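Subject: Structure for you to look at

Hello,

Here is the structure I said I would pass on. My notes follow below it.

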Amino acid sequence: MLEQAQAEKIFDKVKKLSSVSEVEVIFSSTNHALTRFANNTIHQNVSEVNEVASIRVAFDGKTARATTNRFDDASLKRAVQSAEGIARVQEPDSDLLPMASAEEGKGAETPSRWFDQTAAITPAERAEGVGKIVAVAKKNKLVTAGIFSSSQSAEAIVNSNGLSVYHSQTSAEVSITMLAESSSGWQKANAPDVKDVDPVRLAEIAAQKARDSSGPRELPPGKYTVVLEPAAVLDLVGFMFWDFGGLAILDQRSFLNNRIGTKLFGENITIMDDVFHPLQSNAPFDGEGVRRRRVNLVEKGVVRNLTYARGTAEKMRKSEYKDKVGAIQPTGHGFPLPNEMGEAPTNIVFITPGGEQTVDQMIAGTERGILITRLWYIREVDPYEKILTGMTRDGTFLVESGKVKHGLLNFRFNQSLIEMLNNVEAMGKAVRASGEEAFDMVVPAMKIRGFNFTEVTRF
Amino acid sequence: MSMKQIADWALNTVTQRGAGYADVRIVDHSQRALATKNGKVGHAGSTETLGIGVRVLVNDAWGFASTDDLSREAVDKTAAQALEIAKASASVKEQPVRLAPEPAVKIDWSNPYKIDPFTTSIEQNFDLLTRIDAELLAVRGVTLAESSMHLGRYEQWFYNTDGSDIHQTRVTTGAGFSALVFQGTEIMKRSYPNSFGGQHQNKGYELIDELRLLENARRIGEEAVALHKAERCPEGKMDLILDSSQLGLQIHESIGHPIELDRVLGYEANFAGTSFLTLDKLRKLRYGSDLVNVVADATEQHGPGLGTFAYDDEGVQAQCTPIITNGLFTGYISSRETAHTIGENRSNGTMRAEGWNRIPLVRMTNISILPGEKPLTFEQLVAGTDDGIYMQTNRSWSIDDKRYNFQFGCEIGWEIKGGKLGRMFKNPSYSGITTEFWNSMDAICSRDQWTLWGTPNCGKGQPMQTMGTGHGASPARFRGVKIGTAYKGN
């Protein structure tokens, strides 16, 4: 893994190669391995080692970036010249700020996210884990597919204004699908410490879901009470957080246009962005190296604050919206410059209001409803009402009289997120969850009334 | 040091240590990505990545390792790592890997292009994008104008233990723009020539002129504004005409993905899903009406699609495979490993990797619907439609994990009454079941209306790989389609 001192040394070389006043380099270093299985067999098994330097230059209100994975002098020089060439022909942008200072890179530390036992995982150990998953499948007369991955990564940002920040971490992930003749079940977990990921437990749950949903029956589409497991919640709500950036408001592409400060969701919805949370992951700084801050995004249903890159905060302060958007300050959520998107919160933590229920308790309290394990192929239908469409998948069940009755054919939904977050009747304890459509979050299971299913598919 | 010498280090290492088969890909990929927003620079960058990937078969199981370091020491280490990984794979195995035979080949190929896009100046690129933005913003009401351009050169050296030596270079160009209008409680969008980045092809910079971007900007801006005054698209069963770009995406999702043989065999069950096209359906399923003829064609003759190449990423020559023939399902897209499962003794050449650090997977090449044989213009197609909706340009897309139930939203719709286009509709959407939908197709425009669209962002695999695919299509008509589901209940 790239060390901070190495990054600084390469930065010094890049700085010397450049003819302009400001230079920034984002380094990323990856050692990633993934063992993939299907039909109870490891069928794909890969590893990657890669180090990348992404060089940004800035001068006279112009900026551009060139990225390379070659660190020899000639390649770095070519990248510097490329960035300078792209910047040189631009019209000056009076909104472009000087690069972040060393001070802006300082602040709170996250808990350590590096675990030697995760970094040390071998191909044989991943295969052994997969072997245990396959054993669970065979015990249940099922077929399994999934992944067991492990990685080490490091990120460093160094700039000519004295900023130098560094983060390294490990990650382990297991995702399991269990397939029966007419049904399937799924579970997934991801954590910096491999000890927090239990392949056998995940396999047992996925297998039970596959067994319990066999012979699925058809229920007509309509509005139903649903119990969404955490992965289903995160894959849905993940679609709204790209709108919680200041630039999205300035661009008028956010569903929060004219809605900040209003009670948009139910009283029981409170959402933070908090990279320092013990169940969170990732680096404590943004794409400019600015230290992240905790941001209170939604409080008791009211949208309170947005996230800001440095440049967006400056623009917002001068804008017509400045008195309507809550606190305006760089929050450490900017993407690497230059970019069109500005910033977004990506370390979401739901703060539950107390009275948490387990999924079993939610089911027990449901007269008639649908239990959903996972959602799939979610896309935005309406950007302002935040209507999303998508499918249920890998474990959809009818709940009647407080009990799971049987599996159901999968549904298509068309559901407004705003409406959904006004209809939350119960929540579980917020847990670290992992899906496929959105980034990992700390999010609870939810029981929601009036969830809008519009069609049923054939399986 | 030549690429062949570097590859030989890896191949020698793995064959000496017992690999039954191995291949090596060295990839050098350069890109230029530029974007403007409201006339200012949005994104401005170049990227280059170089590395080597080593794929080995040991004890009938796969291993793959990759590195950005092309030194002798790193390549040897990576090759040894691939072996270790393959041995681990062999410990959890129910079926051995069986590779269809493939002759060794030596070839040097590049896609044809007129203007090397990297010889164009960045000034020239930005000038066009900012002029497009200015045209869009000249339309009163447009609140956000965005334009983008992507230029790429993908150079790959492939070697395997069978003796193949394949050097290929693909030059790609893409561009597009969009106008957003926020008014009241709605955000409306129009894009050109397609949504999500425009049109992309294996072409040089000549594509930019062909797209007539500037000439269409004003109209697109005006349509985005006009959508706010349009009525919402009605709900019900109606006849539907799709423009060729939307039909291209319909092909991608409801034909291209389900015909991937690896999906059918369960390789993607955990992530991208499986397929309703189980093996028993080959040459038996009535996929569409008699007018539906679809091919998977990676050959140069098909056109400059993002799925055009000379050889795939396991050394199999590009081919044209009939997928749907007069409505009958006739073919999957396959690999050397999967071909035998459908009784074939050769792969049809669709294995493609995103880069040096990814393994090749069965991927769409150019999955295209053939145009109608009888002359039929778009105007004639509309004139022959009494009551229906015409939809243009994708806005949202979703399909279940076996590729049965789909729902698409488009940016704009138009009423068809008495053979004429009438009122504009906002928020049009349609949904259905794949085979029912394709069986309802009763007209498709002829060759002069056919466009080979590029989808640059098709995701598949774990770790995720993004791939460019091609989809040729002409406007076509479908009878009795379910319209307007997306807003039902909302």
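In chain A, 74% of the contacts with a separation of 6 or more are between residues 24 or more positions apart. Please keep in mind that this is a predicted model.

On chain A as a whole: the secondary structure comes to ten helices and 19 strands. Of the 459 residues in chain A, 60% are buried. The C-alpha trace of chain A spans about 70 × 55 × 35 Å along its principal axes. A compact globule of 459 residues would have a radius of gyration near 23 Å, and the 24 Å of chain A therefore agrees with that.

In chain B I looked at one pair of helices, H1 (residues 3-16) and H2 (residues 72-90). Their axes are 9 Å apart, and the helices pack at an angle of about 40 degrees. The crossing of H1(B) and H2(B) is right-handed.

Which residues of H1(B) meet H2(B)? They are Ile6(B), Trp9(B), Ala10(B), Thr13(B) and Val14(B). On the H2(B) side, the residues in this contact are Arg72(B), Val75(B), Asp76(B), Thr78(B), Ala79(B), Ala80(B), Ala82(B) and Leu83(B). Sorted by class, the contact of H1(B) with H2(B) has nine nonpolar, two polar and two charged residues.

Regards

Notes
Residues are numbered from 1 along each chain as its sequence is written. Chains are lettered from A and ligands numbered from 1 in the order in which they are written. This is a predicted model: local features need pLDDT of at least 70, side-chain atom pairs count only at pLDDT 80 or more; totals for chains, interfaces and linings use all residues. Axes are lines fitted to C-alpha atoms, for helices over the stretch in contact, and angles run from 0 to 180 degrees between N-to-C directions. Helices (H or I, at least four residues) and strands (E, at least two) are DSSP runs, numbered from the N terminus. A crossing is left-handed if the near helix is turned anticlockwise from the far one by less than a right angle, and right-handed if clockwise. Two residues are in contact if their C-beta atoms, placed from the backbone, lie within 7 Å. Ala, Val, Leu, Ile, Met, Phe, Trp, Tyr, Cys and Pro count as nonpolar, Asp, Glu, Lys and Arg as charged, and the others, Gly among them, as polar. The radius of gyration is taken over C-alpha atoms; the globule rule is 2.2 Å times the number of residues to the power 0.38. A residue is buried if 20 or more other C-beta atoms lie within 10 Å of its own, exposed if 12 or fewer, and partly exposed in between; C-beta atoms are placed from the backbone.
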